[in-house]
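Q: Hi! Could you walk me through a few contacts in this one?

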Amino acid sequence: MRVRRLCGCLLALALAPSPGRAADDQGTQSVFGFGAGNRALAMGSAFVAAADDASSLLWNPAGLGRVRRAEFQASQSGDLGLGFREEYASVVLPSWRWGAASLVFRHFGVGGIEQRDPANVLLGSAEDSEIEAALGYGRALGPAWSAGAAVKLQRQSLAGLSASGLGVDLGVTVEPARALGRTAPWSGEWTWALAARNLVAPSLRLDRESVADPTALRTGMAYRIPWGHQSSVLAEVDVEKVRNVGARLRAGLECRPFSMLALRAGLDGGSFSAGTGIRWRDLAVDYALQENPIATEHRVGLSFLIGPSVDESRVAARQAEDEALQRKLAEAFRARQGEQVEGLLEQASQARAKGQWARALEALAAVATLAPDHPRRAALEAACLRDKAAELELGGDLAGAAVTYDLALATLPG
């Protein structure tokens, strides 16, 4: 982070407070223009196409649409030299139905800045504190495309002065082979991305002049080579073009010999970076090393995966929907069956009233099939049999009456 060192020197020598900026190839860029997340930094900041974790919001908001599990990241820089310090935290919450939302907080501070009057008399020391908070959203648009956007607030405080500014980032990611309908196994591992940082540029004014964080366009191509069950190699090449600054080339490599270990290396312009990551279940520790002219930077961070994956949530939601549908169908069937049973009981009652014993008993037989434990069925059937037996008895058919009485007693003992 050579540009951050230059920023600190300029602040320390300034006679009047001014917004802290980073000079790079005759341009000015915010200290937040260099991203965060130890995985990306260790890969030489070549991450615009590979972005698929909680740091995606800073590199390419479209990468949020490719995040598979909720994740929290946090990192703390070591001594960056000249009193610099930096903290970073982010969280992403993906949903298979609604897309992914992300929140990022970054803080960058410099202490021990000398304050002098126009006569170069030392007045004391001051601190510079810069904060960026970003809220973003990304969504997959089919199997090949994803898009995202972020709104962010930048705030700087220096020697009793403060200023804030709002910015907007946009990004898009596509897997070219899938977008073209190619189905070869190797073709689906290519990813191309384009991101615009500060498409709406935040502008801060501490004293007399407003200083804008310039627009930066990033594009890159990544290719992932899987082998085995959980091993892979990821390579990416990016180009970044900041307004009024020459294009910057970045390249990065990540090798995962097995699921618990990741080895990373990269080049950011002419600066070398490297790092490693160790994962145990849902917890990962990531380390990044970056060269710069003042002091080699060391960063350590943690990340936590939270809850089920997007695919698992989708399967669980569809199972729940299927179960709910089955319950509704079962309830509708029971309701319909209940209506049929009540109709048959009413038909049996009417037939009994008319002395149509055969018709009444036929309806009650259907009720016995549909709802054998219905409380009204046995009583009504026994009443029909008793009335039929009485009629047979009056007609002189004593044998038939005796058999029918026995049936009535069997149907409703007592």
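A: Happy to! Helices α7 and α8 are roughly antiparallel to each other, a label for angles over 145 degrees. This is a predicted model, where local features need pLDDT of at least 70, side-chain atom pairs count only at pLDDT 80 or more, and totals for chains, interfaces and linings use all residues. Residues are numbered from 1 along each chain as its sequence is written, and side-chain values use heavy atoms, with hydrogens and water left out.

Q: At what angle do the axes of α7 and α8 cross?

A: Roughly 165 degrees, and the axes come within 8 Å. Helix α7 covers residues 375–394 and α8 residues 398–411; helices here are DSSP runs (H or I, at least four residues).

Q: Which residues of α8 make the contact?

A: L398, G400, A401, T404, Y405, L407, A408 and T411, with contact meaning heavy atoms within 4.5 Å. Among those on the α7 side are A378, L385 and R386.

Q: OK, new topic. How many aromatic pairs does a search of the whole structure find?

A: There are 3, counting rings of Phe, Tyr and Trp (its six-membered ring) with centres within 6.5 Å.

Q: What's the relative accessible area of F72?

A: It's 32%, so F72 is partly exposed, meaning between 20% and 50% with a 1.4 Å probe, protein chains only. F304 is partly exposed too, at 34%.

Conventions. Rings of Phe, Tyr and Trp (its six-membered ring) pair if their centres lie within 6.5 Å; planes under 30 degrees apart count as stacked, over 60 as edge-to-face and the rest as tilted. Axes are lines fitted to C-alpha atoms, for helices over the stretch in contact, and angles run from 0 to 180 degrees between N-to-C directions. Helices (H or I, at least four residues) and strands (E, at least two) are DSSP runs, numbered from the N terminus. Angles under 35 degrees count as roughly parallel, over 145 as roughly antiparallel, 65 to 115 as roughly perpendicular and the rest as oblique.
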